[in-house]
Amino acid sequence: MFDALSPEEWTAVRLSLRVAFWATLVSLPFGIAVAYVLARGRFWGHALLNGIVHLPLILPPVVTGYVLLLLFGRRTPVGAFLEETFGIVFAFRWTGAALAGGIMGFPLLVRAIRLSLEAVDRRLEDAAGTLGASPAWVFLTVTLPLILPGIVAGMILCFAKAMGEFGATITFVSNIPGETQTLPSAIYTFTQVPGGDAGALRLTAISVVVSMAALLGSELLARRIGRRMSHEAVG
Amino acid sequence: MSLSLDIRHRLGGFALDVRFESEGRLTALFGRSGAGKTSLVNIIAGLIRPDEGRVTVDGEALVDTAAGIFVPKHRRRVGYVFQEGRLFPHLSVRANLLYGRWFTPAAQRYETLDQAVELLGLGPLLDRRPGSLSGGEKQRVAIGRALLASPRLLLLDEPLASLDEARRQEILPYIERLRDVTKIPIVYVSHSVAEVTRLATTVVVLSHGKAAAVGGTAEIMGRLDLFPFTGRGEAGAVIEAQVAAHDAASGLTMLECPAGILRMPHTDLAPGSAVRVRIRARDVLLAVKKPEGLSALNVLGGVVREIGAESGPIAEIRLDCGGQTLLARITRHSVAALGLAPGTPAYAVIKAIALDRRSLGGPLQEFDAADLDADVG
């Protein structure tokens, strides 16, 4: 099966996995923090924050990509600052593809975590408090384990979204083979050239397999976690 | 231990205005649903910040709104056993038990896992998950978990309320042992006269957000004016007695109390054991002459001291039987027919089978106060 892929196709697959992996991993702490604030916080601007987080879900992806370009392009103040201070460049790099994927997947990540946070029995957190756990320890030892299924579900959704992200990515970081040409961009390129159908089909098959594997994996994981906390004895 | 509380707090349309002090080993907060019992323990535990007032344990303020003191719940060292257990579903029983211990500084730990497991019979449960436990087992684990945080005060909020009668009888002895063995001062919330009578050393009667009365268990249960709060059906005098002897032929147990000898169906307590007996007022008949030819085995002579305030056709009578208070609940018609009035000599008649194991409290063991300071202080 692997022999069937050309080196360029293979590169696109690897790049997509790398982009989606980093997009998910870096989004995660922010996602948990924002979900926590949205689920528990009562403050002015709550609705506004909620709106901003969900914006990429509703905006045309091209708009999101263009906004990213305006914000993080090399000649913008933010882009220049990041390059000079941290040496991070987003424009036309794979890191930019990861940023675009992360931004597009963020609402899905936050939504899943927020829902599970709202389902947590806060009386358990009170109980942990009376047993001597400070708020930070309560979060780490009670809240976090209880929302683990939601975190896993959110990560899977974010990963899948980042892998499949096309519009924002191509607008922000273009379609450079080996650097920013992810699976969807590669498929798009194949469909634009004569005789590219076979390549497009092969990559489409890969996309389906990876997405299915992610979904099944998350289902299995969620079920295992659920069983651990359910009403059955262990062993 | 001394617990002193003086708080005012509004919860929606409900106002809590409670002041009491207790030196008791097991202080019962007693009252009907909605009297404010749970809100009060939540204030002691630090789950609710009162609008105004003070809560002190052994002289140390946990809350003092005037002085701007509010010790957060995780620094109070106040153990809390909730009505519904609230065990952590993602942890094993063992990890649940050890949860609070982990946050307790080593120097303040006085309870070990082995002790708690032994006290509460938790050995077979350790490797199970909370979800697989029965209601009674959950509550025992919840008690153990609170205990292992080595608290200086333990709050039990109706720990038996969600259990059926059989489970209650299973847990009550454990709570008695908790009171007598661990020496941790306990605040016990209940609306059950039977539980309070059996367990409490001090009773705080709560009604509509106020402390209607505070005092020793026998004293509070013997007060006619508190009947509306304690609940007429279950109310009755509490008698401290001693097991005098068992009669093998008749299968009866003889109890000795200041009023005389009480006979009841056999219980397996050793002669000499101190017991606490609740005699429900509605189980007591009154006679003005010593009755004869009766099947009832207990006839105690005494004097009428008080006839309760008007409440329809029923009257509550307080008798003094050799220094022991006894309560009777009879019709007002009978009061008139017998010519009962304060000072009238009368006989109280109680069927032996009105006294059963359920009306007995386990022996309240005394211990040295110095001992307590050394262990808990």
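Analyst: **Aromatic rings and helix packing**

Of the 235 residues in chain A, 43% are buried, where buried means under 20% relative accessible area, exposed over 50% and partly exposed in between, with a 1.4 Å probe and protein chains only. This is a predicted model, in which local features need pLDDT of at least 70 and side-chain atom pairs count only at pLDDT 80 or more, while totals for chains, interfaces and linings use all residues. Residues are numbered from 1 along each chain as its sequence is written, chains are lettered from A and ligands numbered from 1 in the order in which they are written, and side-chain values use heavy atoms, with hydrogens and water left out.

Chain A has 10 helices and 0 strands; these are DSSP runs numbered from the N terminus, helices being H or I of at least four residues and strands E of at least two. Its C-alpha trace spans about 70 × 50 × 30 Å along the principal axes. Of the contacts in chain A with a separation of 6 or more, 71% are between residues 24 or more positions apart, a contact being heavy atoms within 4.5 Å.

Over all chains there are 11 aromatic pairs. Rings of Phe, Tyr and Trp (its six-membered ring) pair if their centres lie within 6.5 Å, and planes under 30 degrees apart count as stacked, over 60 as edge-to-face and the rest as tilted. One of these pairs is A:Tyr36 with A:Phe139, edge-to-face at 5.4 Å centre to centre and 90° between the planes. A:Tyr36 belongs to helix H1 of chain A and A:Phe139 to helix H7 (residues 135-164) of chain A, so this pair ties together parts 103 residues apart in sequence. A:Tyr36 is partly exposed, at 32% relative accessibility.

Another pair joins A:Trp137 and B:Phe103, whose ring centres are 5.9 Å apart with planes at 65°, so this pair is edge-to-face. It crosses between chains, linking helix H7 of chain A with helix H2 (residues 93-103) of chain B. A:Trp137 is partly exposed, at 37% relative accessible area, whereas B:Phe103 is buried, at 17%.

The charged end of B:Arg49 sits over the ring of B:Phe70, 4.0 Å from its centre, and that of B:Arg86 sits over the ring of B:Phe82, 3.8 Å from its centre. The criterion is NZ of Lys or CZ of Arg within 6 Å of the ring centre and within 35 degrees of the ring normal.

As for helix packing, H1 (residues 7-40) and H9 (residues 183-192) of chain A meet at about 150°, with their axes 8 Å apart. Axes are lines fitted to C-alpha atoms, for helices over the stretch in contact, and angles run from 0 to 180 degrees between N-to-C directions. H1(A) is therefore roughly antiparallel to H9(A); under 35 degrees counts as roughly parallel, over 145 as roughly antiparallel, 65 to 115 as roughly perpendicular and the rest as oblique. A:Glu9, A:Ala12, A:Val13 and A:Ser16 of H1(A) touch A:Leu183, A:Pro184, A:Ala186 and A:Phe190 of H9(A).

In chain B, H3 (residues 113-120) and H5 (residues 165-182) pack at about 135°, with their axes 9 Å apart, and are therefore oblique. B:Tyr174 is among the residues of H5(B) in this contact.
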